[in-house]
Amino acid sequence: NNTAQYGGALNCSQSNPQIDNVKIINNTALQEGGGISCNQANPIFKNCVISSNTSHENGGGLTIYSNSNPRIINSVITKNKAGTGGGAISIYDNCTPKLTNITIAGNQAAQSPGIQSSSSSPDIMNSIVWNLSYFDNATISYSDLKGGWTGNRNIDSYPQFQDTVHDNYNLKCMSPCVNTGNPDTTNLNLGTNDIQDSPRIVDNIIDMGACEYQGTAAPGQPGPVVGLDAVCQGSKGVIYNVSEIKGATSYIWALPIGFIGNSDSNSISLNVDSTSASGNIKVQGNNSCGPGKAQTFSVTVSEIPQTPVITLNNGVLYSNYQVGNQWYQDSIIIDNATYDTLVPVQKGAYFVIVTLNKCSSYPSNSISFSPLGVEEMSTSNKIKVYPNPTKGLIEISIEGSLEKNAKVELINSYG
């Protein structure tokens with residue numbers, strides 16, 4: 001409940017104090033820095049609450065200016081008000097503050113109710129800034145910013161605080177800020193506990209913000225779905241799976257229309273019925289907190305071609321499909337026999353299977369074919385005709401003598 005021209009509670013000018021576990025609440029600055037003002041100063045604020053302060057101009061919670069490089073760690077900056085800009089923090093005039101695991105929310109200002117930074121380069125990591133902010137230059141990573149910011153692993157998602165009305169900025173188990181901070185906390189000077197004196201790191205990964213979630217968090221998003229991205233109506237036992245998700249006790253699968261299957265594990269076997277349509281397969285990990293973020297996989301479904309019909313005419317087999325044919329003889333595939341016609345040369349049962357869009361039909365009707373080859377004649381074992389069957393030239397051999405009226409006549413399927 002203090003009032004000052006600069007820094008309603010604390011004016012750090014050309015000084016470098018370290019301030020731990022302090023609440024700076026309900027102070028007023030007639031100009032800048034409702035709670036704190038930093039002028040050519042490099043203080044460290046750790047595990048502090050800066051709340052409900054007011055400035056008539058910039059920096060409702062803090063103002064940082066004139067070559068100041070403070071560090072703010074594990075701290076909450078909420079419900080502050082600025083008459084002009086920077087409801088939470090105002091930064092200007094060649095400053096490079098480092099803000100690590102801070103929570104900013106519920107602040108107000110005519111412009112930039114979160115952070116307003118100009119001609120400076122703040123470094124922000126593992127933090128929640130859930131007020132709109134302005135930066136002309138900044139390095140921001142592993143943070144949740146309202147309105148977003150380009151950088152390493154930044155997000156723009158509602159943090160899911162537990163109860164902001166009663167100043168409870170703990171995270172719910174479903175919060176996107178849980179277990180999404182920078183895994184490497186080396187040299188961040190965070191200490192072993194958060195602002196509430198609870199363990200600073202749970203589940204081996206730090207959270208964004210000042211308050212570490214202490215319970216069981218929702219499972220993370222699964223990795224890529226592995227399986228066929230194109231299937232045929234009528235397919236059976238099509239397998240899809242994802243890698244196991246840490247913290248998941250079960251899995252939830254959502255399927256496109258006509259896909260039939262059920263599983264609570266990270267793998268599922270599906271049947272694709274005749275009414276199936278293209279769509280997305282979705283999978284989520286699940287535990288006592290609830291389902292985590294879903295992974296989506298797009299699958300294209302194609303119809304099975306209608307069963308082809310083949311006919312035989314003048315020694316030639318015909319398919320009623322112009323493309324996609326594959327001919328078989330006695331259930332054995334015939335190499336390079338992929339046209340809509342086939343001239344059979346050997347005795348056997350012939351049929352065709354048609355494949356379109358990677359989907360194969362059922363086998364066509366079967367036609368048995370017997371070429372009208374020349375049987376080897378034997379007139380007292382004197383006459384031989386070979387080869388049999390033949391595609392052209394033949395040889396006739398005669399051993400011994402024939403009667404003067406002997407006649408040799410060759411006939412094929414044409415006559």
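Aspartate 167 is partly exposed, at 45% relative accessibility. Here buried means under 20% relative accessible area, exposed over 50%, and partly exposed in between (1.4 Å probe, protein chains only). Its salt-bridge partner is lysine 79, with 2.6 Å from N to O. Lysine 79 is also partly exposed, with a relative accessible area of 29%.

This is a predicted model: local features need pLDDT of at least 70, side-chain atom pairs count only at pLDDT 80 or more, and totals for chains, interfaces and linings use all residues. Residues are numbered from 1 along each chain as its sequence is written, and side-chain values use heavy atoms, with hydrogens and water left out.

**Salt bridges**

The whole structure holds two salt bridges. The term covers a side-chain nitrogen of Lys or Arg within 4 Å of a carboxyl oxygen of Asp or Glu. Arginine 200 and glutamate 212 form a salt bridge, their closest N and O atoms 2.6 Å apart. Both residues lie in the loop between β25 and β26 (230–232), so the pair ties together parts twelve residues apart in sequence. Arginine 200 and glutamate 212 are both buried.

**Disulfides**

The count is two disulfides, each a pair of cysteine sulfur atoms within 2.5 Å.

| Pair | S–S distance | Angle about S-S bond | Handedness |
|---|---|---|---|
| Cysteine 173 – cysteine 289 | 1.9 Å | 90 degrees | right-handed |
| Cysteine 232 – cysteine 359 | 2.0 Å | -100 degrees | left-handed |

Cysteine 232 sits in strand β26 and cysteine 359 in strand β40 (residues 359–360), 127 residues apart. Cysteine 232 and cysteine 359 are buried. So are cysteine 173 and cysteine 289. Counting bonded cysteines along the chain, the pattern is 1-3, 2-4. Cysteine 95 is in no disulfide; the nearest cysteine sulfur, that of cysteine 38, is 8.6 Å away. Cysteine 95 is buried, at 0% relative accessibility. Cysteine 177 is in no disulfide either, with the nearest cysteine sulfur, that of cysteine 211, 11 Å away. Cysteine 177 is buried at 0%.

**Sheet**

Five strands form an open, parallel sheet in the order β1-β5-β9-β13-β17. β1 (3–6) and β17 (108–111) are the edges; each has a single partner strand, so one side of each lacks a neighbour in the sheet. Strands are DSSP runs (E, at least two residues), numbered from the N terminus. Two strands pair if DSSP finds at least two bridges between them. Strands β5 (residues 28–32) and β9 (residues 54–55) run parallel, joined by two bridges. Alanine 29 has serine 55 in β9 as its bridge partner.

Terms used:
Helices (H or I, at least four residues) and strands (E, at least two) are DSSP runs, numbered from the N terminus.
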